[in-house]
Every structure is written in structure tokens, then in C-alpha cells.
Amino acid sequence: MAANQANDQPSFEVAKSLDVEQQAQNDELDYTKRGQWLRAAILGANDGLLSTASLMIGVGAVRKDVKTMILSGVAGLVAGACSMAIGEFVSVYSQYDIEMAQMKRERNTENMGVEQLDAEKEKLPNPWHAAGASAISFAVGALIPLLGAAFVKDYALRVGLIIAVVSFSLLMFGGLGAFLGKAPIAKSSLRVLIGGWMAMGATYGLTKLVGSSGL
């Protein structure tokens with residue numbers, strides 16, 4: 001009997017080791033998924049921040065009153081959030097359809113049970129969740145320049161404040177994205193900041209040129 005217990009002990013330890021390893025793999029997978037969602041949210045907020053700020057500065061190059069700039073920012077927020085949501089919904093739903101078709105083929109060839117198929121379906125991304133997350137992240141980013149300019153009547157001060165808050169936010173978003181992607185934080189943040197400055201400058205310059213041409 002003692003010999004049987006000695007033989008059972010290694011088997012128990014092996015099973016326990018496998019369970020621990022499987023749990024570690026599941027935890028790592030969950031962390032990876034959360035990291036991907038968070039990184040996508042940061043990118044969406046960065047898009048909302050930069051596109052809305054550029055739109056407000058561009059329109060402000062021609063119409064300097066605060067109402068026009070705020071209205072252009074609100075229009076950019078709504079249009080951008082809807083565009084992001086629809087684009088993400090279509091993209092994720094296409095991926096969902098492809099993976100569901102693959103799972104059904106595997107079910108036919110491997111005799112996969114209904115419960116196993118349902119369990120695999122739960123792991124697939126939800127198009128509605130993806131669309132909502134994209135719209136919300138874009139809107140959050142777009143609110144930053146809107147709030148920065150909403151209560152400033154002086155045009156020069158308003159534009160300066162927008163550039164200041166947007167620059168700070170670009171550095172933050174760039175740093176967070178680099179951290180999640182395990183890239184150099186300082187280099188990535190500066191790259192995002194310089195790209196944002198170029199986008200705002202190009203929008204302002206081209207809009208000013210078109211407005212001055214009398215079209």
C-alpha cells in the first residue's frame with residue numbers, strides 16, 4: 001500500500017504542475033487581451049484628440065469666434081465617434097463571421113460538441129462592445145480640446161490653450177501606448193507630439209490659404 005501511495009504522489013504532482021501552468025497561460029492570455037483593448041482605447045482617444053483639435057484650429061483660421069470653433073469641434077466629435085464605431089463594428093463583425101465559419105468546419109471534422117462550440121464562441125470579440133469602446137474613446141479624446149477652448153473668448157489665448165492641452169495629452173497618450181507596446185517611451189511620445197503638431201499646422205495653413213483665396 002505504501003508503494004501505491006508512492007506511485008500516486010508523482011502523478012498528483014504532475015497534475016498539479018499542469019494545472020498551475022494552464023492557469024498561468026490563461027492569466028497571460030487575459031492580460032494580453034486587456035492590454036490590446038487598452039491600447040486600442042488609447043489610440044482611439046488620440047485620434048479624437050488630434051482630429052478635433054485640428055478641425056477647431058483649422059476652422060478658427062477663418063472664423064475666429066468661439067461659437068464657430070466649438071460647433072466645429074462638436075461636429076468633429078459626433079462624426080468621428082460615429083465613424084469609428086461603424087468602422088470597428090464592420091471590422092470586428094467580419095472577423096467574427098470568419099472565425100465562426102472556421103469553427104463550424106472544425107466542428108464537422110472533429111465532432112465538436114455544442115457546449116464546446118458555445119465555449120469557443122464566448123472567446124470571440126463582441127462587435128457591439130468593440131464599436132462602443134471605439135466611439136467612447138474617440139469622444140473622450142475629442143472632449144479635451146473642446147473643454148480647453150469652451151470658456152476662453154480671446155482668440156489667441158484660445159488657440160494657445162488648445163495647443164497646450166493637446167500637446168500634453170499627446171505626450172501622455174504616446175507614452176501609454178509605448179508602455180503597453182514595450183517601445184521606448186520618450187522616443188514614441190516625441191514622435192506622437194511632433195506628428196500632432198504637423199497635423200494641426202497643416203490643417204491651419206491649408207484652411208487659412210483656402211479662406212484667403214476667396215473661394
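Tutor: Ser 169 lies in helix α5, a helix being a DSSP run of H or I of at least four residues, and a strand a run of E of at least two, numbered from the N terminus. This is a predicted model, in which local features need pLDDT of at least 70 and side-chain atom pairs count only at pLDDT 80 or more, while totals for chains, interfaces and linings use all residues. Residues are numbered from 1 along each chain as its sequence is written, and side-chain values use heavy atoms, with hydrogens and water left out.

Student: Why is Ser 169 called buried?

Tutor: Its relative accessible area is 8%. Buried means under 20%, exposed over 50% and partly exposed in between, with a 1.4 Å probe and protein chains only, so Ser 169 counts as buried.

Student: What does Ser 169 touch?

Tutor: Leaving out residues up to four places away in sequence, Ser 169 touches Leu 49 and Ile 144. Contact means heavy atoms within 4.5 Å.

Student: What makes α4 roughly antiparallel to α5?

Tutor: The axes of α4 (residues 127–149) and α5 (residues 155–180) come within 8 Å and cross at roughly 150 degrees. Axes are lines fitted to C-alpha atoms, for helices over the stretch in contact, and angles run from 0 to 180 degrees between N-to-C directions. Under 35 degrees is roughly parallel, over 145 roughly antiparallel, 65 to 115 roughly perpendicular, and the rest oblique. The pair is therefore roughly antiparallel.

Student: Which residues of α4 make this contact, and how is the contact divided by class?

Tutor: On the α4 side they are Ile 144, Pro 145, Gly 148 and Ala 149; Ser 169 is among those from α5. The contact has 8 nonpolar, 2 polar and 1 charged residues. Ala, Val, Leu, Ile, Met, Phe, Trp, Tyr, Cys and Pro count as nonpolar, Asp, Glu, Lys and Arg as charged, and the others, including Gly, as polar.

Student: How does α5 pack against α6?

Tutor: α5 and α6 (residues 185–212) pack at about 145 degrees, with axes 8 Å apart. Their contact has 13 nonpolar, 6 polar and no charged residues.

Student: What makes a set of residues a nonpolar core?

Tutor: The members are buried Ala, Val, Leu, Ile, Met, Phe, Trp, Tyr and Cys residues joined through side-chain atoms within 4.5 Å. Of the 26 residues in the largest such core, Met 56, Met 69, Ile 162, Val 166 and Met 200 touch the most other members. α1 (2–60), α2 (66–110), α4, α5 and α6 each supply at least two residues of this core.
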